[in-house]
Amino acid sequence: MSLFVEYTEPKWRNLDMRALSVDEFYLYLRSGFHKESYLYSLSDECYTCPYSKVKALPAADVAAGVAVDVAEPLRLNSAFGLNFKIYEHDQGHYAYDNVTSLCWLRRTDLQEFGVYNLTLQANGTCTFAVDKAGVPINYAFLAVFVLVAALLITLKLVSCAWRCYRYDEAAAAADSIGAAATKATQRKRLRSLDTFRGLSIVLMIFVNSGGGGFAWIEHAAWNGLHLADVVFPSFLWIMGVCIPLSVKSQLSRGNSKARICLRIVWRSIKLFAIGLCLNSMGGTNLEQLRLMGVLQRFGVAFLVVGVLHTLCSRREPISPQRSWQRAVHDVCLFSGELAVLLALVATYLGLTFGLRVPGCPRGYLGPGGKHDYVAHPKCIGGAAGYVDLQVLGNAHIYQHPTAKYVYDSTAFDPEGIFGCILSVVQVLLGAFAGVTLLVHPTWQSRIRRWLILSVVLGLIGGALCGFSREGGAIPVNKNLWSLSFVCVTVSMALVILSLLYYFIDVRESWSWSGHPFTECGMNAIVMYVGHTVMHKMLPWHWRIGEMNTHFMLLLEATWNTLVWVGIALYLDAQEFYYSL
């Protein structure tokens, strides 16, 4: 039973264990000190932060020999340690290292739903003990995996039984011939691209559903790369890969470049408008409507890259005769876009490190708040935050960034205007991979090209961030859409596409791999808009009890994702496909 609910006792001593949420525990504070003292805490997740006050500890009744103890619910991040300091005097909201504390403790073994004792002795020293052991949170993955596997096996058996009941051998043979014909038709289309897009949208739905409340799945507080941080850039990049294929197809059908550009403009407007409508789900007050968002950034990037590539494209590019010229032919064809890409990178770096932001150091890339020991509390994002604030206004940017809950930061839009600069670069790098796909005739040359570029970009990204989370000149940061973030995520996307392309389109030995992700990728916009609109509706989402365990949150997120996968399969069976 503890595997499913993640704790066994509803009560422990006088504590209500079910009042805790995921990643929370109780800390019993006992003080034998002769005067009032003050507890402060700091998570390792908060980089260069001061300690924050937890509460005051009452003085012990020395005459009666009675120590005073109280219980405090605290939150942890299982990926980071938690530090405690007790001060003799009140340090205010924050406590800094220049003040000596009575005692200091650092724990990396704390678990959710645990109960721990922190005791301040009469002489000012601290002791720490486990009162009730916490629960291991990763068992939730095993439990959900078993349940989902059982569900899928049951559905498969029912499906097979239904087919045996409905069809005779002749019908089955006809179905087989039809399936073979369908497969032969689908081979003309690169299924790996649809599969990549499908993987991205399925993972996006999963993480947008909470991902079970696991910290490594959710977005990083500021610097760093979690699973959720990979989804959006991958989706943008694969959109870039498809742009050269689409433009070439339209040019070969005799469409003029002006007509193609008009279609791109119209599609971009629709993407932006849909994103704006989705933002209004939280309220239709235009004075506080968030203007930017995921689809808005898609629209901006698609507009710039689509029009640029269309204007730079040639209707029938002549393949060079010499081998060395063929080796760099894709680079030559991409030279116009490459020049714009470099100009955008130079613009981004110039503004990031050269723009004067009032009250902030030049080139600041931090989250503001209590970062850097509260030196720059209102400087979140540096130049990026400042530009968005000046252009959009505080009322029209995102009010709940991930940094707010760790660094006490102010409002910041992770899909703001400034970040669009390198988002366009992300899509341009995807377009270059698409050009490689068109220019190089053999699968070996394509994959070799992609993997070489992946290594180069990975090394550049690693060098920029110093191969660390917080180090380097430009840390990996999804909120800022930093240059190192672009390099690292594009490097990962190139490797994934290479693997999918090899196994799905080349070898065809992993024919089941694209299913059902291929079908999801062919209706990606339906799935994205649908899961956003239906976010609080049955049967996609539900609540049972407090929903305060990783198991319940993971089960709900997985169920919601599977329902949308089922919808994509149904739409594919009905041959319904929608794209803007």
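In which sense, parallel or antiparallel, do strand E4 and strand E5 pair? In this predicted model, E4 (residues 37-43) and E5 (residues 51-57) pair in the antiparallel sense, over 5 bridges. One of the residues to look for here is Ser37, whose bridge partner in E5 is Leu57.

Strand E5 also pairs with strand E8 (residues 94-95), again in the antiparallel sense.

Helix H6 (residues 257-279) packs with helix H7 (residues 294-312) at an angle of about 175°, and their axes lie 7 Å apart. Because an angle over 145 degrees counts as roughly antiparallel, H6 is roughly antiparallel to H7. The residues of the contact of H6 with H7 divide into 16 nonpolar, 7 polar and 2 charged.

Further along, helix H12 covers residues 383-392. Its buried residues are Ala383, Ala384, Gly385, Val387, Asp388 and Leu392. A general point is handy when looking at such a list: an α-helix has 3.6 residues a turn, so residues three or four places apart point the same way. Helix H10 (335-354) is included in what covers the buried residues of H12. Just after H12 comes Gly393, which takes a positive phi of about 90°.

Terms used
Residues numbered from 1 in each chain as written. Predicted model: local features only at pLDDT ≥ 70, side-chain atom pairs only at ≥ 80, totals over all residues. Heavy atoms only, no water. Pairing = 2+ DSSP bridges. Helix = DSSP H or I, 4+ residues; strand = E, 2+ residues; numbered from the N terminus. Buried < 20%, exposed > 50% of the residue type's maximum accessible area, 1.4 Å probe, protein only. Contact = heavy atoms within 4.5 Å. Axes fitted to C-alpha atoms, helices over the stretch in contact; angles between N-to-C directions. Parallel < 35°, antiparallel > 145°, perpendicular 65-115°, else oblique. Nonpolar A, V, L, I, M, F, W, Y, C, P; charged D, E, K, R; others polar.
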